[in-house]
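Visitor: I have a model open and would like to go through it. Can you take my questions as they come?

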Amino acid sequence: MREILIVGGGYAGFYTAWGLEKKLRRGEAHVTVVDPRPYMTYQPFLPEVVAGSVEARHAAVSLRRHLHRTRLIAGSVTEIRNRDRTVTVRPESGPDYQLTYDILVITAGAITRTFPIPGISDQAFGLKHVEEAVAIRDRLLTSFDRAATLP
Ligand SMILES: Cc1cc2nc3c(=O)[nH]c(=O)nc-3n(C[C@H](O)[C@H](O)[C@H](O)COP(=O)(O)OP(=O)(O)OC[C@H]3O[C@@H](n4cnc5c(N)ncnc54)[C@H](O)[C@@H]3O)c2cc1C
């Protein structure tokens, strides 16, 4: 059976797997998603998480709950060798291993750009992950509390 391997279970990867589950006939192909996170982050909700109008858990869509016919692997792809049609997976724990594919879908997203501004990566928060949105919210609330105690 053909192997369809999706690198990244974010917005594009999640919808690719979801769509394939609906379109593929039984026995037509195996679909696998590799992502270190077990959920898709709905990033447009992150500013609302910062503002407190949406709870953090509502910005995360569980892959396992929605993708019933897809194999989910918790890990990161660290290398792609298209000539051999293999990728190297670094799991959450344990040694790296390889997976083979017939069709590769690369939907690993992007990382927050820090521009050549000294110190920004040490001092600033990004806003791509739920943890970052919660950290910004906590920082804001703490700052308001501190400001309120100023004379
Ligand atoms: C704050 C914010 C607000 C936004 N608001 C809007 C909006 O209002 N409207 C709109 O259209 N768009 C909006 N966007 C943009 C939209 O969220 C992104 O365009 C979309 O999430 C991109 O989808 P993606 O699948 O390419 O990447 P992502 O959703 O970022 O998914 C990438 C996935 O790949 C995984 N990954 C990364 N590296 C590896 C690896 N090596 N191996 C395995 N997995 C890996 C990550 O863990 C992640 O799950 C917003 C984005 C942000 C940050």
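Predicted model: local features only at pLDDT ≥ 70, side-chain atom pairs only at ≥ 80, totals over all residues.

Visitor: What is the volume of the largest pocket?

Guide: About 610 Å³. A pocket here is an open set of points on a 1 Å grid over the protein atoms alone, where a 1.4 Å probe fits, with protein on both sides within 12 Å along at least five of seven lines; lining residues have an atom within 4 Å of a point. The volume is the space filled by probe spheres set on the points, which are joined across faces, edges and corners.

Visitor: Which residues lie nearest its centre?

Guide: Asp35, Ala108, Gly109, Ala110 and His129, out of 28 residues that line the largest pocket. The elements giving two or more residues to that lining are α1 (11–23), β2 (29–35), β3 (39–41) and β5 (71–81). Helices (H or I, at least four residues) and strands (E, at least two) are DSSP runs, numbered from the N terminus.

Visitor: How do the residues of that lining divide?

Guide: Twelve are nonpolar, twelve polar and four charged. Ala, Val, Leu, Ile, Met, Phe, Trp, Tyr, Cys and Pro count as nonpolar, Asp, Glu, Lys and Arg as charged, and the others, Gly among them, as polar.

Visitor: And how many cavities of 30 Å³ or more are there?

Guide: One. A cavity differs from a pocket in that the probe fits but cannot get out. The largest cavity has a volume of about 70 Å³.

Visitor: What lines the largest cavity?

Guide: Val33, Val34, Asp35, Arg37, Pro38, Leu63, Arg64, Leu72, Ile73 and Ala74. At least two residues each come from β2, α3 (63–66) and β5. The lining of the largest cavity has seven nonpolar residues, three charged and no polar. Asp35 is in this lining and also among the residues nearest the centre of the largest pocket.

Visitor: Moving on to packing. In the largest nonpolar core, which residues touch the most other members?

Guide: Ile4, Ile6 and Val31, in a core of 14 residues. Two or more residues of this core come from each of β1 (2–7), α1 and β2. A nonpolar core is a set of buried Ala, Val, Leu, Ile, Met, Phe, Trp, Tyr and Cys residues joined through side-chain atoms within 4.5 Å. Buried means under 20% relative accessible area, exposed over 50%, and partly exposed in between, with a 1.4 Å probe and protein chains only.

Visitor: What is Val31 in contact with?

Guide: Leaving aside neighbours within four places in sequence, Val31 contacts Ile4, Ile6, Ala17, Leu20, Leu24, Arg69, Thr70 and Arg71. Contact means heavy atoms within 4.5 Å. Another core, of eight residues, lies apart from the largest one and includes Leu46, Val49, Val50 and Ile136.

Visitor: How many aromatic pairs does a search of the whole structure find?

Guide: Six. Rings of Phe, Tyr and Trp (its six-membered ring) pair if their centres lie within 6.5 Å; planes under 30 degrees apart count as stacked, over 60 as edge-to-face and the rest as tilted. One of the pairs is Tyr15 with Trp18, edge-to-face at 5.7 Å centre to centre and 75° between the planes. Both residues lie in helix α1, three residues apart, about one turn of the helix. Tyr15 is partly exposed at 39%, and Trp18 is partly exposed at 27%.

Visitor: What about Tyr42 and Phe45?

Guide: Tyr42 and Phe45 also form an edge-to-face pair, 4.9 Å centre to centre with 80° between the planes. Tyr42 is partly exposed at 27%, as is Phe45 at 33%. Tyr11, Phe14, Tyr15, Trp18, Tyr42 and Phe45 form one aromatic cluster.

Visitor: Is Met40 buried or exposed?

Guide: Buried, at 2% relative accessibility. Met40 is in strand β3, and among the residues it touches beyond four places in sequence are Tyr11, Phe14 and Tyr15.

Visitor: Last one: what is the phi of Arg85?

Guide: About 55°, a positive value although Arg85 is not a glycine. Arg85 lies in the loop between β5 and β6 (86–91) and is partly exposed at 41%. Phe115 also has a positive phi, near 55°, and is partly exposed at 48%.

Definitions and conventions:
Residues numbered from 1 in each chain as written. Heavy atoms only, no water.
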